[in-house]
Amino acid sequence: MVKEGAPREVPLGYAFLIKISSFLRYLLCTLRCSPLLFFLLLLPALCPAATPPTRHVLVLHSYHNGLKWVEDINSGLFKVLLAKDRNDLELHVEYLDAMRLGNGLTLAGMKDLIAARYQGVEFAAVIAVDDIAIEFLGRHRQLFGPAQLFFCGKVGGQPLDSYQVDEMVGVVEDVDMVATLTMGVDLYPETRRVIIINDDSLDGRRLTPLVDELERRFPSREFVRFKGLAMEQVVERVSRLTGNELVLLVNFSRDGAGEVFSYEQAAWHIASRCKVPILTMWDYYLGSGVLGGLMISGVAQGEKVARLVIDQAWGGQDPLAPVVSTENRFIFDYNKMKWFSVSYGDLPPESKVTKEPQSVLWKYKQFGWSILGVALALEFTVIVLSVLMYRSKKAEAELSEHRNHLEELVEQRTVELSSTNDQLIAEIDERKKVEEALLESEEVLHQLSDNLLTVQENERQRISAELHDELGQSLAALKLQLRGVAGGLDHQPLPVLQQECQELRSSINDIIENVRRLSRDLSPVLLDDLGIDAALEYLVNSFCKLSGIEAKVNLVEINHLFGQNSQRMIYRIIQESLNNMGKHARASHFELSIEKRSSRIFLVVKDNGKGFNVDAVLGQVSAERGMGLTAMAERVRILRGTLDVESSPGLGTTIMVTVPV
């Protein structure tokens with residue numbers, strides 16, 4: 001619509017014709033050729049090119065959407081078939097959902113659904129993924145007309161001609177269990193038993209001959225098959241594996257009780273209680289607790305069958321072979337390598353390692369040690385501010401290292417044991433409790449990460465206040481005293497000057513003591529120099545002196561039982577217990593004892609303070625109850641110990657920590 005008084009717009013088509021006419025008149029006048037000749041020359045350019053016909057491709061999955069294996073296959077297919085230079089293809093995806101339906105071979109309803117949904121659509125190619133979809137394609141070949149048929153995900157065993165489909169081309173999974181187990185035996189030569197975990201699904205049955213071949217190839221090893229068991233039974237049995245054993249996870253999507261699991265869920269349940277390495281042949285298990293193996297990649301398999309479709313369905317190329325095998329690769333999980341003490345030199349050549357740590361941490365660690373060396377070189381000088389800056393840098397480095405360690409804990413949290421209770425009362429209820437505990441622990445970890453910056457800023461403010469109130473004022477007073485001494489050198493008698501110098505020496509000693517106190521607050525030097533026994537004795541004496549609380553101490557020597565990091569954790573746990581007592585308990589007496597019983601250390605801190613309601617405090621959201629108990633619980637968990645808090649209003653508080661040696 002054009003407004004009144006506005007210049008009239010020329011339609012785009014008319015403008016284009018005007019330009020063409022002007023261009024033709026220019027050529028006619030310049031070259032003086034006949035109009036007919038120019039019309040013949042420009043006719044091909046004026047005629048629009050024929051639009052290529054749209055090719056329809058159907059992808060028929062055996063299982064359901066959202067399964068990692070299915071998503072990996074789709075990623076490979078989409079990457080090739082839906083590339084930017086391919087605008088003549090329309091892709092359709094259907095899911096038979098055989099894993100959850102139970103029997104994918106009798107999906108008569110899917111036949112009617114596909115027939116109704118694609119009525120009138122002529123497919124150029126149909127891709128069947130996994131054996132159930134391949135067999136469905138063979139049973140209902142008439143649904144897809146003259147489409148060329150492709151497949152991938154076939155695990156071997158049943159020949160192609162048994163599917164009653166002619167000229168089918170695709171990718172067969174080359175499942176090499178022998179190479180995977182050989183690699184595992186090379187890593188662990190002391191292996192005597194191999195635990196085979198396989199289910200009774202269609203894939204599991206077709207992989208059984210490969211398991212039989214393993215027993216023939218490794219006659220000196222004992223093979224135990226977990227088959228027809230419920231998930232609880234499998235988890236209970238693998239939890240008892242402690243010796244010279246390996247677990248080979250073949251296929252487990254439906255347990256003996258009929259419950260369906262995704263591949264990642266099944267691997268996670270098994271690995272969460274398994275103390276020996278788990279090997280497998282499919283990369284979708286990675287990150288769920290398995291160590292590694294000669295892996296089959298779903299993404300690579302999808303890309304390969306997609307290229308076969310492009311080359312042979314409408315590329316005009318004859319297939320070099322009707323069946324192409326997968327190209328497998330040894331892949332390992334870095335966290336599980338670290339857990340089971342596997343080094344890079346032990347791996348097969350050209351192996352791939354996932355979730356490797358970044359090297360930035362080591363870079364900053366070297367920088368921190370450089371700052372430490374510079375600070376130690378200046379320790380005997382009078383530049384007090386440089387010493388304090390070094391202590392601040394060290395505290396920041398410890399906070400950064402702890403934050404990075406928390407991130408690693410979050411990644412490992414899904415595969416760690418959440419409970420050591422050997423008596424299972426109700427397995428289903430116990431799993432729910434474990435899941436709730438994991439969620440709460442993850443929330444606590446996030447809360448700890450959020451509070452790290454707040455703790456760092458509070459520490460800086462505290463150090464700044466100490467510098468201003470203690471050292472700043474002391475140094476200012478020292479300066480005034482020095483000025484008074486300098487002014488009285490000419491007329492003050494010698495005894496007076498000596499008395500003033502004695503006062504200066506006393507002030508300097510007070511400043512030195514304040515510097516040492518700040519240094520001890522930032523990091524327990526006694527712990528690094530003399531060990532935890534001397535550090536704890538000094539900690540208790542200092543606490544009693546400052547708080548006025550009486551103490552009864554019974555400690556055994558534990559220097560030789562723990563490394564430096566573990567000693568620091570134990571020191572911080574006891575320090576936090578004393579700090580909480582001094583802030584909240586209003587106690588007049590406490591007892592601290594450390595005992596060694598068998599292979600465990602028992603730490604007990606008991607006071608006669610006002611106590612508190614343990615259930616009410618622990619039931620609070622982590623952000624409301626502060627970081628004291630949360631930090632203690634996290635340190636105890638890192639030490640693989642247990643923390644018990646017993647308290648009642650008016651009856652005092654007892655904190656018991658048990659740590660394995």
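Predicted model: local features only at pLDDT ≥ 70, side-chain atom pairs only at ≥ 80, totals over all residues.
Which residue in E15 is the bridge partner of alanine 551? The answer is phenylalanine 590. The points below start from the whole model and come back to that pair.

1. The protein has 661 residues, and 42% of them count as buried. Its secondary structure comes to 21 helices and 18 strands.

2. **Contacts and surface.** The protein exposes about 37200 Å². Carbon and sulfur atoms supply 54% of that area.

3. **The five-stranded sheet.** Five strands form an open sheet. Their order is E14-E15-E16-E18-E17, and the pairing is mixed. Strand E14 (550-554) and strand E17 (642-647) stand at the edges. Each has a single partner strand, so one side of each is left without a neighbour in the sheet. Neighbouring strands of this sheet are turned by 10° against each other on average, with direction ignored.

4. E14 is joined to strand E15 (residues 589-597) by five bridges. The two strands run parallel. Here sits the pair from the opening question: alanine 551 has phenylalanine 590 in E15 as its bridge partner.

5. **Helices across the sheet.** Helix H19 (residues 564-585) lies across E15, strand E16 (600-607) and strand E18 (653-660). H19 runs at about 10° to E16. H21 lies across E17 and E18. Its angle to E17 is about 145°.

6. **A residue in H21.** Helix H21 spans residues 628-638 and contains glutamate 634. Is glutamate 634 buried or exposed? Its relative accessibility is 7%, so glutamate 634 counts as buried; the cut-off for buried is under 20%. The side chain of glutamate 634 makes a polar contact with the side chain of arginine 637, at 3.1 Å.

7. **Salt bridges in general.** Side chains of opposite charge can pair when their charged atoms come close. A search of the whole structure finds 16 salt bridges. Three of them are worth a look.

8. **Lysine 79 and glutamate 303.** These two form a salt bridge, with the closest N and O atoms 3.3 Å apart. Lysine 79 lies in helix H3 (residues 68-81), and glutamate 303 lies in helix H11 (residues 298-313). The pair therefore ties together parts that are 224 residues apart in sequence. Lysine 79 counts as exposed, at 57% relative accessibility. Glutamate 303 is buried, with a relative accessible area of 13%.

9. **Aspartate 131 and arginine 206.** Their side chains meet in a salt bridge of 2.5 Å, N to O. Aspartate 131 belongs to helix H6 (residues 130-139) and arginine 206 to helix H8 (residues 202-217), so the pair ties together parts 75 residues apart in sequence. Aspartate 131 is buried, with a relative accessible area of 0%. Arginine 206 counts as buried too, at 12% relative accessibility.

10. **Glutamate 595 and arginine 597.** The side chains of these residues meet in a salt bridge (3.0 Å, N to O). Glutamate 595 is partly exposed, with a relative accessible area of 30%. Arginine 597 is also partly exposed, at 45%.

11. **A network.** Which residues do salt bridges with shared partners join into one network? They are Asp131, Glu135, Arg139 and Arg206.

Notes. Residues numbered from 1 in each chain as written. Heavy atoms only, no water. Helix = DSSP H or I, 4+ residues; strand = E, 2+ residues; numbered from the N terminus. Buried < 20%, exposed > 50% of the residue type's maximum accessible area, 1.4 Å probe, protein only. Polar contact = N/O pair within 3.5 Å; in protein donor to acceptor, adjacent residues only side chain to side chain. Areas by Shrake-Rupley, 256 points an atom, 1.4 Å probe, with all protein chains shown as cover. Salt bridge = Lys/Arg side-chain N within 4 Å of Asp/Glu carboxyl O. Pairing = 2+ DSSP bridges. Axes fitted to C-alpha atoms, helices over the stretch in contact; angles between N-to-C directions. Contact = heavy atoms within 4.5 Å.
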